[in-house]
Amino acid sequence: MQSAKISEPSMAHVTNGDRRNGEHLKDEANPINVSNNAANNDCGINGNDDNSDSSAERSVSIAYADGPRQPALHNMANLFHLGVQSFNAFAEDLLYGTSKDSSGDDNDDTTGKTRQISCFCLPCISCGRGEEGRSTVRLMSTLFFPLFLLSFFLLDDVGRIMVRNMRLRNGSYSAKTMGNGVDHPVIRRKIVHSYPGLKRELLWVPLERTVTVDEHTALDAKMKCPKAVLFFFHGCSRYAASFFYSPQGRRMVSAAYRAGIAVVAFEKNDEQGCWDWEDDGAAVLKVGRKFLSSRLVGACGKNAKDQEDQDIYPPIWAFGASSGGSFVAMLAAKMKEDPKKFAPFNFSAINVQIMSPPEELDWDIPTIFTVMDGDTQTKERVQNRVSKKFQKGPFKMITTSGQKGIHPDHFSKVFQDDEQMTPEISNNIHQSLVIMGIIDPSNDHLLVNPRQKEEVVASIWQKQNKAVKKVSNDAKTYPFGVSKQMARPLRKPELKDAHSIWLIEELNVAFDQHEITSEGFGDVLEFFFKYGVP
């Protein structure tokens, strides 16, 4: 420890700790003499005052001088400055051997061959003698400093992982859901090949759950094993990607996503055509089998059976609308003939929407039909099949609620998550529909089948798309219901389709005759979980 001797109240002479020659450094403004008579031992430093005078001198800290008290900040600066000086002197002496011993004589024991060099981290450990010891210290410093900095990054990563895991265990689980019941999942697309020469593109949503820690903190966690896998098959002239950007498709995908179900959409051989067994049947069966085997193998564990470990797969369900509904029924009938051939791509439940499959098709897995109340012909055919086919089922039919009104705030509610769709624009769309004779202003119901007014409907959505571009501050705008993130994997034809489907689909659903619908989809999922889990 360093100490100071004060001989007069008004002035103190301090000898700075120069153990090599005992020189006195004098400061004219504040002449202070400090003597430092420390003697080194093996593992420490002992201070010894040889010139103490109890009658005239007293010991105080070198950070403070007698007289008026210095400001705290000034005292701290003095301490820091003295510490830096001490460290520099110590490092210079340790690394380069430039110091002299306290007797003032240069000798080899201090600067040369025989002086023992202590480790600067652990003073009790010797690094060698003389220049060899200093070289060892320099090498250790060169290696230690980068590792020291790297340790901070490693500790930061470990801390982040620990905090994330704790939040995952203790947080509450929810999906990124907007007020209109729509999530914004990230879609992936990939062409899957299957020998010999079969390929098909699939679009799917990687399952992620949002762990809400508090109102300001949320984490995303991927689910390795979904509760089920739901395959979507669209109708004629509809893109598979439209399940993810059309108003009704977004609601269904979001409902499945929130229930922990993995969503996969198959593309047709001709996306602007209909499903055809000759072009699509074999490809879908083989590609579906390969997709499941590659994506979910081992994800849900293994089951010991017949002395062989077999992979466990979640339930496989299917949804098909219109032409897609008939194709799903064909797949179910084919799987019935040889389940092992296509395993694990075997449906355990299906939903056939707005379609009555051909009578000659026969399958025996749980099936729920969704028909529109305005399509009386399809409703009667499905009802007849359901009443006859109840063995190994069950078979069930649900019906929509009938025609619906398009009110002035309809589109602002449907696209509540899209800032582009303002209440003003929604009201303008409603007024245009009234002016064009599509909506009855007295009850907001449709006066005609919108499929018969394609040109009029097209003029309305084109007008509104131009209006959005004109008022938008962003040079690039996106279709209603399509975020920037969603638009990235979409192709140009799909983006073009998204610019019109937001209006066409909603008008067809309101007319309630033949259109994909999210109405009753909650009942469909409940049916799947009840009857479609092996």
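Reader: How many cavities of 30 Å³ or more does the structure hold?

Author: This is a predicted model, in which local features need pLDDT of at least 70 and side-chain atom pairs count only at pLDDT 80 or more, while totals for chains, interfaces and linings use all residues. Residues are numbered from 1 along each chain as its sequence is written, and side-chain values use heavy atoms, with hydrogens and water left out. Rolling a probe the size of a water molecule over the atoms shows where empty space is left. A cavity is a set of points, on a 1 Å grid over the protein atoms alone, where a 1.4 Å probe fits but cannot get out. The structure holds two cavities of 30 Å³ or more; a volume is the space filled by probe spheres set on the points, which are joined across faces, edges and corners.

Reader: Which residues line the second largest cavity?

Author: Lining residues have an atom within 4 Å of a point. For the second largest cavity, of about 50 Å³, they are Gln420, Asn465, Val468, Lys469, Thr477, Tyr478, Pro479, Phe480 and His499. Helix H11 (residues 454–471) gives the largest share of this lining, three residues. Helices (H or I, at least four residues) and strands (E, at least two) are DSSP runs, numbered from the N terminus. By type, the lining comprises four nonpolar residues, four polar and one charged; Ala, Val, Leu, Ile, Met, Phe, Trp, Tyr, Cys and Pro count as nonpolar, Asp, Glu, Lys and Arg as charged, and the others, Gly among them, as polar.

Reader: What volume does the second largest pocket have?

Author: A pocket is an open set of points with protein on both sides within 12 Å along at least five of seven lines. The second largest pocket has a volume of about 760 Å³. Of its 25 lining residues, Pro339, Ala343, Pro344, Asn346 and Pro534 are the closest to its centre. The largest share of this lining, three residues, comes from helix H6.

Reader: Is Ser412 buried or exposed?

Author: Ser412 counts as buried because its relative accessibility is 16%. Ser412 lies in helix H9 (residues 410–414). Contact means heavy atoms within 4.5 Å; leaving aside residues up to four places away in sequence, Ser412 touches Met421, Thr422, Pro423 and Ser426.

Reader: How many bridges join strand S8 to S9?

Author: Two strands pair if DSSP finds at least two bridges between them. Seven bridges join S8 (residues 188–194) to S9, and the two run antiparallel. They form a hairpin with three residues between them, and Gly197 in the turn has a positive phi of about 70 degrees. Four bridges also join S9 to strand S13 (residues 261–266), again antiparallel. Six of the eight residues of S9 (residues 198–205) are buried.

Definitions and conventions: Buried means under 20% relative accessible area, exposed over 50%, partly exposed in between (1.4 Å probe, protein chains only).
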